[in-house]
Amino acid sequence: VDPSGNESSATYFILIGLPGLEKAQFWLAFPLCSLYLIAVLGNLTVIYIVRTEHSLHEPMYIFLCMLSGLDILISTSSMPRMMAIFWFNSTTIQFEACLLQMFAIHSLSGMESTVLLAMAFDRYVAICHPLRHATVLTLPRVTKIGMAAVVRGTALMAPLPIFIKRLPFCRSNILSHSYCLHQDVMKLACADIHVNIIYGLIVIISAIGLDSLLISLSYLLILKTVLGLTREAQAKAFGTCVSHVCAVFIFYVPFIGLSMVHRFGKRHDSLLPVIMANTYLLVPPVLNPIVYGVKTKEIWQRILRLFHVTTHTSDP
């Protein structure tokens, strides 16, 4: 950034970490790192169990594997860099690296939203049209849905680097978060950012807004079908949906809250959006494998079996 105040292209940004808690960041990094390791190990365990157990090669569990893989990538795109800030005071990030991190976080979030929608569709077909489930959601079709999620998330974020590169930066190069977000970076520009704002709204409405609407619609249809079943069948149907409903709330609530704070709140010297941003990228990867592990009997049984085998083989 040109110190004279003239318009120039940014070559690097400064990641501020946790504003107001700079002295505590070193110690706060330890629980954050522990949560990151739990997230990676938990999601890898889910992927390993589903991959090795042929009885779990069903659409619901394959979608869960996709969700776990995306959770690992999302947390990894931000947490190691955050640890470098907290432990080594490595606050500088090059402009290109910032663009890459921004693109990765936003595109992976779009992919995760698509997978959550696919999981809702799977539950809708399984409960409302059980006889057609095996023919509608075949393994090749599930694979195509996964590929569509990748293409959709990538395509939605493809214009992002272009819209950021066109902006001149002359005010400051200090970001208010521990990683690069589109909403945070564009507010540093000393030019008209209405194009970026409109683009961000289009992405949120066409991805998060549409997906959450379709997920809500699928559960309204599921609820309508379940209310006509016996109590035993109702309990079984609701039991298969609890984990997914939890995953939906865990993902969408922090995302929507963060978007609202960025759009209507004050930018500088506020710890709330920083905490919400870190929550958005770390809490879902930590909680999703725990929720699915506890609430899904098939996965929980495999986890117990895996633990039993490990302890048994370690005995002298």
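Me: A salt bridge is a side-chain nitrogen of Lys or Arg within 4 Å of a carboxyl oxygen of Asp or Glu. How many salt bridges does the structure hold?

Reply: This is a predicted model: local features need pLDDT of at least 70, side-chain atom pairs count only at pLDDT 80 or more, and totals for chains, interfaces and linings use all residues. Residues are numbered from 1 along each chain as its sequence is written, and side-chain values use heavy atoms, leaving out hydrogens and water. The number of salt bridges in the structure is three.

Me: How many residues apart in sequence are the parts tied together by D211 and R152?

Reply: The side chains of D211 and R152 meet in a salt bridge, 2.8 Å from N to O. D211 lies in helix α9 (residues 194-226) and R152 in helix α6 (residues 139-157). Helices here are DSSP runs (H or I, at least four residues), as are strands (E, at least two), numbered from the N terminus. So the pair ties together parts whose separation in sequence, in residues, is 59.

Me: What is the relative accessible area of D211?

Reply: Buried means under 20% relative accessible area, exposed over 50%, and partly exposed in between (1.4 Å probe, protein chains only). R152 is partly exposed, at 22%. D211 is buried, with a relative accessible area of 0%.

Me: Which residue forms a salt bridge with R302?

Reply: The closest N and O atoms of this pair are 3.5 Å apart. R302 lies in helix α12 (residues 297-314) and its partner in the loop between α1 and α2, so the pair ties together parts 249 residues apart in sequence. R302 itself is buried, at 14%. Its partner is E53.

Me: Is helix α3 largely enclosed or open, and why?

Reply: The buried residues of α3 are M79, R81, M82, M83, A84, I85 and F86. Because seven of the 10 residues of α3 (79-88) are buried, the helix is largely enclosed.
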